Amino acid sequence: MSKMSRRKFVTAGLAATAGVSGLGVAANLAKRYGLVPPDSGGIYGPGETLTYAAQRLFARHSLAREFPRSMISKVPFANDMPPLNDAFKRLQAGAFADWRLSVEGMVARPASYSLADLRSFPVRSQITEVVCEEGWSYVAEWTGTPLFDVLKASGILPKARYLVYFSTDPDWWESIDMADVQHPQTLLAWGMNDGDLPVAFGGPLRLRVPRQLGYKSVKFVNRLMVTDSLKGFVSALDPKSPNSGYAWYAGI
């Protein structure tokens, strides 16, 4: 069966089973075709699976809305963040000259990048909205390096399925799948509104995933790990996780 005809078949099957036989059957069909999110277990699992599978089938390449400069928020909201540790403060005092982003896991060429290194990659700017699950939002211009360009340079291995990205705070991390890794709007953002990315907004580097809610755009990112499984990582639904109670897939 060709890729396109298989996609049509799965799409039709998901729609039919969701309407006729319920979410459980739709979830089983999604599992057969690798369209199940990591948090598919539990009472909300079938619904989460249907949401994720439908998005990947119907809108895999869709773009988040980009705004004109006139709509950039005059006072963007910098929400609360964990206290910065001593190691981060030392980097900040040195204007982040010694800061590095590590790339590891399922890549052929693990690497370590400075901010200057990241700026040597192709640069993209986009004016997109941060939408928080708590109900607030703001529009800003984000400038950075497309995430996929950096990972491609390290040689993503064929069996890779997810990217786990970590913050300076070791308990603050998130993950996305390869569809969002490869999406052109997913940025390693080091600039905001014509300047360097302020620390209050995650500087020197944050991941911007504008097609998902704000908690996926982790601040102070300093480590990327490519993997084929999220087993062994603390789930976003774990009580100890900073995103406790949130769904793994936060598409908007």
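Residues are numbered from 1 along each chain as its sequence is written.

Confidence comes first. The chain has an average pLDDT (the predictor's confidence in each residue, from 0 to 100) of 85, and 81% of the residues score at least 70. Over residues 1–13 the pLDDT stays under 50, and the model has 13 contacts (heavy atoms within 4.5 Å) beyond four places in sequence for them. Residues 15–22 also stay under 50, with six such contacts. Where pLDDT is low, the predicted coordinates should not be read in detail.

Next comes the interior. A nonpolar core is a set of buried Ala, Val, Leu, Ile, Met, Phe, Trp, Tyr and Cys residues joined through side-chain atoms within 4.5 Å. Buried means under 20% relative accessible area, exposed over 50%, and partly exposed in between, with a 1.4 Å probe and protein chains only. The largest nonpolar core has 32 residues, and Leu 147, Leu 163, Tyr 165 and Leu 224 have the most contacts inside it. Among the elements that give two or more residues to this core are helix 6 (147–154), strand 5 (162–167), strand 7 (187–192) and strand 10 (221–227). Helices (H or I, at least four residues) and strands (E, at least two) are DSSP runs, numbered from the N terminus. A second, separate core has eleven residues, including Trp 136, Ala 140, Ala 189 and Met 192. In soluble globular proteins, nonpolar side chains tend to be buried together.

Not counting residues up to four places away in sequence, its contacts include Leu 147, Leu 151, Ile 176 and Leu 224.

Strand 5 pairs with strand 6 in the antiparallel sense over five bridges; two strands pair if DSSP finds at least two bridges between them. The two strands form a hairpin with five residues between them, and Val 164 stands opposite Ser 175 in strand 6. In a regular strand the side chains alternate between the two faces of the sheet. In strand 6, Trp 173, Ser 175 and Asp 177 lie on one side and Glu 174 and Ile 176 on the other, and all are buried.

Strand 7 is also mostly covered, with six of its six residues buried. Which strands pair with strand 7? Strand 4 (residues 137–146) is joined to strand 7 by five bridges and runs antiparallel to it; here Trp 142 has Met 192 as its bridge partner. Strand 9 (residues 206–208) pairs with strand 7 in the antiparallel sense over three bridges, and Ala 189 stands opposite Arg 206. Strand 8 (residues 195–196) pairs with strand 7 over two bridges, again antiparallel, and Met 192 stands opposite Gly 195. The hairpin of strand 7 and strand 8 has two residues between the strands, and Asn 193 takes a positive phi near 50 degrees.

His 183 sits in the loop between helix 7 and strand 7. Is His 183 buried or exposed? His 183 counts as buried because its relative accessible area is 5%. Leaving aside neighbours within four places in sequence, His 183 is in contact with Arg 60, His 61, Ser 62, Leu 63 and Arg 211.

How values were computed
This is a predicted model: local features need pLDDT of at least 70, side-chain atom pairs count only at pLDDT 80 or more; totals for chains, interfaces and linings use all residues. Side-chain values use heavy atoms; hydrogens and water are left out.
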